[in-house]
Amino acid sequence: MSTANTQIAELIPDLKRYARSLARSEDDANDLVQDCVERAIRKWDLYKPGTNLRSWLFTMMRNVFISQKRRDAVAYRYMQTTVHDDSMVARPNQVHSVFLNEAVAAMDALSEQERAAVRMLGMEERSHQEAATETALPVGTMKSRLSRGRANLRTILQMAEGDAA
C-alpha cells in the first residue's frame, strides 16, 4: 500500500490544480482533493497497474465532484419545495429524517433482488465480485440488478418529488 500512497502523493499538485478548475474555490478544491485521495486509497484494488494513474485519479475526482453537485442540487430543490411564504409556519429542520424516510420507502418499493444489489453494491460499497460470490450469481447479473435498482429508485424518488409539488 505504501507504493500506492507514494504514487498518489506525487500527483497531488496536479490534482489540486484540477480541483481548483472544477470547484472554483480554494477550500472546496482542497476538500475535493482530500475526498479523491481518500477514495483512491480505499479503491486501490480497482486500479489496473500499467494504466495511467493520473487519468484514473482525474476521472475519480470528476466523478466525486459531479456526485457532490448532484447531492447539493437535490438538497437545494428539496429546500425550495419546503419553503413557505406564510410566516406562521415553522420551518422544517428535520431534512435528514425526511430524506431517510423517503429513501427507506423507495428501497422498500424495489424487488428483493434489486434491493439486495443496491444494498450490497451501493450502500455497503462491496465489489461486484464480492457481491456475486456471496449471492452465488454471475457478476453481470449483479451489475444488471444494481443498474435496474438505481433506475427504479430514481423513478420512485422523482414521482415522490412530483407528488410533493
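Along the sequence, the protein follows the pattern α-α-α-α-α-α-α-α. It has 8 helices and 0 strands. Helices (H or I, at least four residues) and strands (E, at least two) are DSSP runs, numbered from the N terminus. The model is predicted: local features need pLDDT of at least 70, side-chain atom pairs count only at pLDDT 80 or more, and totals for chains, interfaces and linings use all residues. Residues are numbered from 1 along each chain as its sequence is written, and side-chain values use heavy atoms, with hydrogens and water left out.

Of the 165 residues, 26% count as buried. Buried means under 20% relative accessible area, exposed over 50%, and partly exposed in between (1.4 Å probe, protein chains only). Among contacts (heavy atoms within 4.5 Å) with a separation of 6 or more, 55% join residues 24 or more positions apart.

A patch of negative charge lies on the surface, where Asp27, Asp28, Asp31, Asp35 and Asp72 gather. Such patches are made of residues with over 30% relative accessible area and no salt bridge, with like charges joined within 9 Å. Helix H3 (residues 26-42) gives the most to this patch, with 4 residues. Asp28 lies in helix H3. It is partly exposed, with a relative accessible area of 43%.

Arg145 is found in helix H8 (residues 139-164). It is buried yet has no salt bridge (a side-chain nitrogen of Lys or Arg within 4 Å of a carboxyl oxygen of Asp or Glu). The nearest side chain of opposite charge, Glu114, is 7.8 Å away. Not counting residues up to four places away in sequence, Arg145 touches Gln113, Glu114, Ala117 and Leu137.

Technical notes. Patch = residues over 30% accessible without salt bridge, like charges linked within 9 Å, V, L, I, M, F, W, Y side chains within 5 Å. Areas by Shrake-Rupley, 256 points an atom, 1.4 Å probe, with all protein chains shown as cover. Lys, Arg positive; Asp, Glu negative; His and termini not counted. Charge placed at Lys NZ, Arg CZ, Asp CG, Glu CD.
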